[in-house]
Amino acid sequence: MTDRLKDLSDAGVSIWLDDLSRERIETGNLADLVREKHVVGVTTNPTIFAAAIADGERYDEQVAQLVDKGEPVDKVVFELTTEDVRNACDIMAPVHEATPYDGRVSIEVEPDLANDTEGTIASARALWSAVDRPNALIKIPATLEGLPAITTAISEGISVNVTLIFGELRYREVMDAYLTGLEQARDAGRDLSTIHSVASFFVSRVDTEVDKRLEAVGSDVALALRGKAAVANALVAYGAFEEVFGSDRWRDLEAAGANRQRPLWASTGVKNPDYDDTMYVRDLVVAETVNTMPEKTMDAFADHGELLGDVVTGKAGEGQALLDRLTEVGIDFEDVLLVLETEGVDKFKKSWTELVETVSGQMEKARA
C-alpha cells in the first residue's frame, strides 16, 4: 500500500498536526501519529485548547488543585496549556534530537496582546520560561505591533512561530524582523544554531474571502478564478522567501550558524466542499517547508492525496500573474489582505475569550 504521508515527508515537507489535547498525550495517540503518520510537529491555538478542555475530564484534577490554591482564571489557563505543550515537547523530543528543525510544539502569546508590543514580549518570555523546552515555539502574530516583539524574542534566544501572515509585503517584514533579531543575537554572543523560527502563511482563508468577492462580480471570467487565489498568493510568498534567504545578508548569518526561517503553510483544511480536500497540501509541496494540518486533512492525503513533486519553486511569477488577473476583474487584493488580517486578529482574540470562558466553567464545576 502506498504510504502517501511518507512520500510527502520524503519530498521535504514537514508534517505537523494542527491539534493537541491531554487525551492525545496521555493515551499515546500523539506518539502513534509520530510513528504511523510521520507527524514531526504540533501547532496549537486557544480554540484547540478550549475544545480539549471542554471535551475531557483529564484536566479536572489540575483545575481542582489550582482552584484550591485560589488561582485566577488567567493563571489556570496558563498552567493547563503550558503543561500540555511541555508534555507534547517531551513526546516530540526524539524527533527534535534527530532533526532540530522539527519535533516542535507551538503555543500562542495571549491574543489580547496582538496590538501591544511590550505585552507580547512579556507573554513570550513567560511562556518560553514556563514550557522550558528547547523544542518549543512561541507563536507571535505578524501584526505591526508584533514585528518588534518577534525581533526581541529572537534576539533573546526564544524560538518563534510567526502566525497570521496573509500577504507578501507583511511576510517580507516578518523575515526582516527575524534577521534583525538574529543579528542582535549574534552581536550579543548568542549561539545562533539554537534559535529556530517558522513563518505561518495562511492559505484557505484567502480563497474564502476572494471567492466571495468573485461571486459578487459574477462574470464567467471572475468565476473561473475561484479557488486559485490562495495557492497563487503562497507561490508569491515563496518567491520572497527564496529572495531573502538567497541574499548576502542571510549568508552572513548562515555563516554564523543561523537557521532558515522555514515557511509554514497554515489553515490548510479545505473549507469549500466543491474543492479537492487535499489541494492545500498537494499544491504547496516544496522541500524545507512545513504543512500544519488538521487530522482530517492528514487522513485525506493519506487516503487519496497526489504528490506531483516540487510545485512551488520558481513559480512566483505564475502566482503574481493570477493575482493580476484578480485585479483585472475588479478584486482589490490589498483590501482582501487587510480584511483577513483584521478578521484574523479578531478571531484570535475571540478564541482566547472562548478558552477563558471554558476554563471558568471548569473552575465553577471544581468549586461545586
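Let us begin with Glu168, which is partly exposed at a relative accessible area of 22%; here buried means under 20%, exposed over 50%, and partly exposed in between, with a 1.4 Å probe and protein chains only. This is a predicted model, in which local features need pLDDT of at least 70 and side-chain atom pairs count only at pLDDT 80 or more, while totals for chains, interfaces and linings use all residues. Residues are numbered from 1 along each chain as its sequence is written, and side-chain values use heavy atoms, with hydrogens and water left out.

Which residue forms a salt bridge with Glu168? The partner is Arg172, with the closest N and O atoms 3.0 Å apart. A salt bridge here is a side-chain nitrogen of Lys or Arg within 4 Å of a carboxyl oxygen of Asp or Glu. Both residues belong to helix α9 (residues 168-187), four residues apart, about one turn of the helix; helices (H or I, at least four residues) are DSSP runs, numbered from the N terminus. Arg172 is partly exposed, at 25%.

Glu79 and Lys75 also form a salt bridge, at 2.9 Å from N to O. They are about one helical turn apart because four residues separate them in helix α6 (residues 73-98).

A further salt bridge joins Arg249 and Glu183, at 2.8 Å from N to O. Arg249 lies in helix α13 (residues 248-255) and Glu183 in helix α9, so this pair ties together parts 66 residues apart in sequence.

Finally, salt bridges with shared partners link Asp19, Arg24, Lys37, Glu295 and Asp299 into one network. By this rule, the count is 30 salt bridges.

Conventions: Helices (H or I, at least four residues) and strands (E, at least two) are DSSP runs, numbered from the N terminus.
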